[in-house]
Structures are given as C-alpha cells and as structure tokens.
Amino acid sequence: MNRCTADTHQSEEQGIFLPPAVKSVPISVLKQSGLLQALAEGPNGRTEADPSAEVLQAQEEWEAVESLQSGLVGTSAGHVPLIAFNEALQYFQTADLSECRKKIQPTVQRRGLSAMAHFFFGPPRLHQQLQGERDLALAIAQCGLDNNEKVHMRILQTIYKKLTGSRFDCPRYGTHWEELGFQGMDPGTDLRGTGLLGLMQILYFVMDSRTLPLARDVFKLSQHESQNFPFCVMSINITRIVIQALREEHLSRECNRRQQVIAVLNDLYVATSLRLYVIWKTQQKTISDSGFVLKELEAFAKKKPKQLLRYLEIYMSGRAASVIDGGFQHPSSSSGVHSPDLNSAVGNSSKEINFTGVCDPQVEMEGEARLI
C-alpha cells in the first residue's frame with residue numbers, strides 16, 4: 001500500500017507519533033503482529049481485564065489512522081500513474097459531456113449600442129471550424145470532479161506529486177490539499193466556475209517541462225513567509241479570467257491565427273501566471289493585495305492578450321531576466337511596451353475582490369465581468 005506524506009503529518013497533528021520502523025508498516029500488519037495488543041498489556045505482561053482510558057484512546061487513534069489509509073486512491077492496484085495533459089484531453093474529447101454542453105454560454109450577451117459597437121469595431125468572430133474546440137473547453141469548465149472517474153483522480157494525484165515531489169499517492173481528502181493552496185480538504189469544492197478546466201490548466205502547468213520550473217517558482221512564492229497566497233485558488237481564479245476572455249471574444253484573433261483554442265487558453269493561463277509571479281515578487285505583494293492584483297490581471301489579459309503571450313515567448317526563449325528583472329516593463333528595447341500602473345489599472349475604487357472563492361459562470365453584460 002502506498003503511503004502519502006500527508007498521512008504522517010496528519011497523524012502527528014492528532015498526537016500520534018510513530019517510531020520510524022512503525023511508520024513504514026501498514027496498520028493492518030501492526031494489528032496482526034500483536035503490537036497494538038501489547039498496548040493493553042499490564043506491567044507483568046498480562047492483559048488487563050479493564051483497559052485504561054489511555055489505552056482505549058490509543059486504540060481509537062490507531063483505528064482513525066487506519067481509516068485514513070483506506071481513503072487512499074488506487075491503493076489496490078499500486079500507485080496511480082501520472083497523466084499527461086494530452087492524455088487527459090483525449091479522455092474529455094471522447095467522454096459523454098452532453099449534460100455539461102447544455103450549460104455552456106459560448107459568448108457574452110450584448111445588447112443595444114454595446115452589441116452594435118462590438119459588431120463593427122470589436123474583435124473578429126471565432127472561425128466556425130474552431131467553435132467545436134471552444135465548446136469542448138467550456139464543457140470541461142462545467143464538468144465537476146468525480147471520484148469514480150479514474151482520469152479525474154489521476155489528474156489530482158499528478159498535480160500533487162509534481163508540486164510536492166512526492167512519489168506516493170495521497171488521500172482523496174485531507175489537509176494536504178490545503179498545503180497546495182486549496183481552501184479545504186476537498187479540492188472539488190474550489191472548482192465552481194472553472195470545473196475540471198481549472199485542474200486541467202494546473203496539470204498543463206506542471207506536466208510541460210518548459211513551464212514546470214515556473215510552476216514551481218510560483219508555488220514556492222505562494223509559501224513565502226510574508227508573501228504567501230493559496231496557490232491553487234489563485235490558479236483557479238486565473239483560469240476563470242481565461243474563460244471569461246474567451247467568452248468575451250478577446251482571444252478570437254489569436255485563436256484564428258493559430259487555428260487552435262485550447263492551446264491558446266493554456267498559453268494565456270501560463271502567461272498570466274508569469275505576470276502574477278513578477279508583480280507579486282517584485283512589488284512585494286501580500287494576500288491583502290490579492291483582489292487588486294487579480295483585477296489587474298483580468299484587465300490586462302482581456303485588453304492585451306497578445307502582449308501577455310509575447311512576454312511568455314520571451315521568458316520561454318531563455319530571456320527570463322528581461323521579463324522578471326524588468327517587471328514586465330521592458331521586455332525588449334524595440335517594443336516600447338510599458339506595464340500599466342497597478343493602481344491606475346484598477347481605478348480609485350477601494351472595493352477589494354473576495355479571494356476566498358470562485359464564482360459560478362453567469363451570463364454577464366459587457367463591462368460587468370467580476371471576480372468573486
């Protein structure tokens with residue numbers, strides 16, 4: 001049976017301290033070997049008729065640890081293998097997502113002058129041959145986490161292992177998910193508004209060898225003593241920004257140029273994560289700044305997605321210093337691009353965005369996009 005490091009931490013939090021030799025042995029084996037029975041034996045080696053309260057408490061704690069072990073995913077067949085992004089995507093391409101497709105809202109509804117201005121002066125419409133891929137991405141965003149779907153569980157396990165460096169599976173529920181930046185012991189509760197697409201984009205982030213170093217840098221920064229933030233919740237908020245940019249057709253031009261949708265969504269997600277990393281690190285942001293930072297990221301991703309993707313291209317080309325050290329201000333001497341001031345981007349409003357959750361997708365009028 002594979003063991004997750006989170007099990008050990010949780011055991012210690014509950015006051016259960018296992019000797020090194022014991023920690024590597026399954027609880028059931030310990031029971032069979034009589035080690036637990038020895039806890040109830042008196043000083044003379046005989047079992048007392050009425051075990052003490054301490055012994056009863058110890059037995060209950062051992063049973064609690066064993067019950068946690070039974071929650072491991074895939075332990076009956078050994079460790080859960082990692083899953084690549086393309087393999088997971090192929091699963092969704094062939095899965096029955098008919099119910100999810102009924103819920104999608106491909107574009108934001110506009111009325112009156114707003115609709116007319118968008119028609120004449122807005123971005124081009126997404127090519128018809130790409131609309132199926134767009135709808136697939138939005139359907140994945142409507143798909144909830146299912147414990148009975150092996151691919152869903154493999155995605156979770158892969159994210160955990162790649163971020164923590166663990167070789168072992170971890171329980172489906174537990175405080176170890178909070179350490180990765182989810183809000184509670186069940187990651188599924190944080191996927192409102194992004195569905196499995198929120199996990200798929202984290203999977204892409206950690207499984208692509210080009211982006212994994214950046215993913216680990218962002219994750220490391222999220223655990224900083226003073227600049228910490230919930231990594232996975234922040235990531236899900238970025239996915240929500242990407243979804244909204246797609247629905248508002250800000251990405252149509254780039255998708256049409258590349259004849260791809262999901263690849264553009266993934267690149268914009270990574271590019272926005274890179275911008276988050278630079279802003280957070282260089283401007284010494286803390287969790288109290290998260291609402292303003294997210295709003296700046298949303299405004300920039302919608303207004304200048306091509307520029308964000310260009311920054312990512314520069315970063316991937318090995319010129320990371322020109323992006324990070326320059327704080328996104330001078331990626332090249334010829335671009336003349338300057339990063340807008342954070343305060344001017346969000347205006348003079350003192351209203352902060354609630355960072356504790358992710359909203360359900362709604363049909364929003366232009367200019368009303370918001371993060372909750």
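**Exercise 1. Determine which residues of helix 12 are buried and what they pack against.**

Solution. In helix 12, the buried residues are Gly195, Leu196, Leu197, Gly198, Leu199, Met200, Gln201, Ile202, Leu203, Tyr204, Phe205 and Val206, where buried means under 20% relative accessible area, exposed over 50% and partly exposed in between, with a 1.4 Å probe and protein chains only. This is a predicted model, in which local features need pLDDT of at least 70, side-chain atom pairs count only at pLDDT 80 or more, and totals for chains, interfaces and linings use all residues. Residues are numbered from 1 along each chain as its sequence is written, and side-chain values use heavy atoms, with hydrogens and water left out.

Next, take the helix as a whole: helix 12 covers residues 195-207, and 12 of its 13 residues are buried. Helices (H or I, at least four residues) are DSSP runs, numbered from the N terminus. Finally, the buried residues of helix 12 pack against helix 6 (85-94), helix 9 (131-140), helix 10 (150-164), helix 13 (212-222), helix 14 (231-247) and helix 16, contact being heavy atoms within 4.5 Å.

**Exercise 2. Relate helix 16 to the largest nonpolar core.**

Solution. Begin with the core, a set of buried Ala, Val, Leu, Ile, Met, Phe, Trp, Tyr and Cys residues joined through side-chain atoms within 4.5 Å. The largest has 83 residues, and those with the most contacts inside it are Phe92, Ile140, Ile155, Leu180, Leu199 and Met200. Helix 16 gives the most to this core, with 13 residues. Then consider burial: 18 of the 21 residues of helix 16 are buried, so this helix is largely enclosed by the rest of the structure.

**Exercise 3. Identify where pLDDT stays under 50.**

Solution. The chain averages a pLDDT of 75, and 60% of the residues score at least 70, pLDDT being the predictor's confidence in each residue, from 0 to 100. It stays under 50 over residues 1-44 and over residues 329-372. Where pLDDT is low, the predicted coordinates should not be read in detail.

Conventions:
Helices (H or I, at least four residues) and strands (E, at least two) are DSSP runs, numbered from the N terminus. The expected span of a helix is 1.5 Å times one less than its number of residues.
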